[in-house]
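Thanks for coming, everyone. Today I want to talk about packing. Please bring up the model.

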Amino acid sequence: LAVGRISRDPSLDLGHRLDYVILQEECETPRALVRFADFGKLSSAFIGPLNPGFCEVAAHLGENWNKAIFSWMCINYKLDSTIHHNAFARTLPSPTQILLTIMKYFKWAHVGIIASSEDIWMYTAKESATALRNHGLPVVIVTSVHKGEKGIEDIWNKIKEVHNIKIILLCMHSVLIGGQEQADLLTKALEMGLADGRYVFVPYDTLLYSLPYQNNSFSVFDNDSKLREAYDAVLTITLESGERTFYDAFREAKESGEIIRDLEATQVSPLFGTIYDAIYFMAMAMDSARRKGVRASGANIAEHTKNFSFPGFSHQVETDSHGKGLNNYVILDTDGHGNQLFPTHLLDMSSGSVLSLGQAIHFPNEVPPKPDSSCWFDPDVLCTEG
């Protein structure tokens, strides 16, 4: 869809015909890296990788091949150094930066991270922990779920033994788009009395796309009162929807005949929109480099991602004068009873501030986790103990 629209976009002058090949990324990280290395001669640029476990190696290979890498999933903060990684560009703000801004606003510093046992999510957890610790924050436990009810119970028993945790980051597929593991995890937390407001559960993967929340009900809650109650302890952070949601944009593309697959919008992961935007983002960078008269090398394309503004799949995509994404995010919350999510706060990426939208967060038992000392968020102060 993106490549088709780019080829018909009169405002873009790429000097090349754009085509794509899908690199099926292996689930195991070492094998995924080997597959990636095989594509060095086949492609002129890369959108990905999906697994944060080999982002840094992929970035080094990209420089070596002189080919740009555009990623929304990479977490490693070292990749933001243009001196060391000049062929790498982010198509979304760094997930760590979003989490840090929100943690600072609520003064929740102590973090626990639970990952699914899949390689991609274990690396996501590991890289997130490293990035947060690099900012001086106490990531007190990083663990992954073993299969079965016993495995989930063991996780919560481990978490209970650790003091002071305020936020639990869930690195796995969101229950809102079919993630059964997250559903089981949250339900078990409720049964064990841990969804009582002492922790705030934050799904990681909704940071990577625009979850349709406006006028949208989530059927996963309809016949599951336990999950509905457990989700009251969850705060969902996602890209702010524009004038229309991901589902609206998908239906429009289907009605216009651009998408011919017989799929309903609700059967498609909103990550579709993120990948679409990343491909368009790359085309904008190629166009910008060409207009400035520079050769279309990997470093030049990655360098020309500044001061963008273009219509993405379902919302406007913008970057600042340093090429950093300005997409806003929202914090979504349920009322503990229904099947809808409501925006309570807006994260304005241009100023890095969190703004209340006038709807209070509904915490279980109506009490948020106690704030941590603000020294954790002051880079000039050494924070110890509490």
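I will go through the nonpolar cores, then the aromatic rings.

Keep in mind that this is a predicted model.

Start with the largest nonpolar core. It has 81 residues. Ile114, Trp156, Ile159, Ile168, Phe201 and Ile237 make the most contacts inside it. Which helix gives the most to this core? Helix H4, residues 95-106, with six residues. Now the domains. Domain 1 (1-90 + 247-318) and domain 2 (95-240 + 328-377) both give residues to this core, so it lies between them.

Leaving aside neighbours within four places in sequence, its contacts include Val145, Trp156, Leu170 and Leu185.

Now the rings. The whole structure has 23 aromatic pairs. Take Phe36 and Phe54. This pair is tilted, at 5.9 Å centre to centre and 55 degrees between the planes. Phe36 sits in helix H2, and Phe54 in the loop between strand E1 and helix H3, so the pair ties together parts 18 residues apart in sequence.

Next, Phe46 and Trp65. Their centres are 5.8 Å apart and their planes at 40 degrees, so this pair is tilted. Phe46 is in strand E1 and Trp65 in helix H3, so parts 19 residues apart in sequence are tied together. Phe46 is buried, at 7%. Trp65 is partly exposed, at 22%, because the cut-off for buried is under 20%.

Last, one aromatic cluster. Its members include Phe70, Tyr247, Phe272 and Phe313.

Methods. Residues numbered from 1 in each chain as written. Predicted model: local features only at pLDDT ≥ 70, side-chain atom pairs only at ≥ 80, totals over all residues. Heavy atoms only, no water. Core = buried A, V, L, I, M, F, W, Y, C linked by side-chain atoms within 4.5 Å. Buried < 20%, exposed > 50% of the residue type's maximum accessible area, 1.4 Å probe, protein only. Helix = DSSP H or I, 4+ residues; strand = E, 2+ residues; numbered from the N terminus. Domains from an automatic or database assignment. Contact = heavy atoms within 4.5 Å. Phe/Tyr/Trp six-rings, centres within 6.5 Å; stacked < 30°, edge-to-face > 60°.
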